[in-house]
Amino acid sequence: MPLRHQNIIRIIIVVAVILLVPLVLTIRDHGVGWNWSPGDFVVMGALLFITGLAIDSAWRKITAPAHRAVAIALIVFAFLLIWMELAVDAVGQLLDFLF
């Protein structure tokens with residue numbers, strides 16, 4: 001199996017393991033604290049998968065360690081901004097506060 005396919009399989013496994021946490025909490029809490037719909041799992045799975053692909057690509061393509069670290073940090077920062085926006089409209093609230 002080519003290296004690229006192995007990396008994609010690893011990313012899928014990591015995404016599935018990460019998504020097990022909200023799945024267990026949604027089942028355990030019966031909608032009290034965690035209440036994710038199937039659409040939430042699809043969106044977060046896609047977001048995590050795309051982030052994983054971007055990190056993998058940056059890791060493989062950028063050879064300078066400092067540039068690689070900056071690229072990965074920016075990818076993680078973008079992921080966190082999108083996640084906060086989807087969760088609680090944090091970016092929109094911050095922009096409303098600033099402007």
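1. First, the ground rules. Residues are numbered from 1 along each chain as its sequence is written, and side-chain values use heavy atoms, with hydrogens and water left out. As this is a predicted model, local features need pLDDT of at least 70 and side-chain atom pairs count only at pLDDT 80 or more, while totals for chains, interfaces and linings use all residues.

2. The largest nonpolar core has eight residues: Ile11, Val15, Leu19, Phe41, Met44, Leu47, Leu48 and Phe79. (Such a core is a set of buried Ala, Val, Leu, Ile, Met, Phe, Trp, Tyr and Cys residues joined through side-chain atoms within 4.5 Å; buried means under 20% relative accessible area, exposed over 50%, partly exposed in between, with a 1.4 Å probe and protein chains only.) Two or more residues come from each of α1 (3–29) and α2 (38–61), and α2 has the largest share, four residues. Helices here are DSSP runs of H or I, at least four residues, numbered from the N terminus.

3. Phe41 is worth a look within that core. Beyond its neighbours within four places in sequence, Phe41 is in contact with Leu19, Pro22, Leu23, Thr26 and Trp36 (contact means heavy atoms within 4.5 Å).

4. Now the largest pocket, which holds about 280 Å³ of space. (A pocket is an open set of points on a 1 Å grid over the protein atoms alone, where a 1.4 Å probe fits, with protein on both sides within 12 Å along at least five of seven lines; lining residues have an atom within 4 Å of a point.) Of its 14 lining residues, Ile11, Val14, Thr51, Gly52 and Ile55 are the closest to the centre. Helices α1, α2 and α3 (65–88) each supply at least two lining residues, with α2 giving the most, seven.

5. The second largest pocket has a volume of about 190 Å³. Its lining is made of Trp36, Asp40, Val43, Met44, Leu47, Trp83, Leu86 and Ala87.

6. Finally, please check Asn7, which sits in helix α1. Asn7 is buried, at a relative accessible area of 10%. Its side chain makes a polar contact with the side chain of Asp56 at 3.3 Å (a pair of N or O atoms within 3.5 Å, one able to donate a hydrogen and the other to accept it; residues adjacent in sequence count only if both atoms are side-chain atoms). Not counting residues up to four places away in sequence, Asn7 touches Asp56 and Arg60.

Key: Grid points are joined across faces, edges and corners, and a volume is the space filled by probe spheres set on the points.
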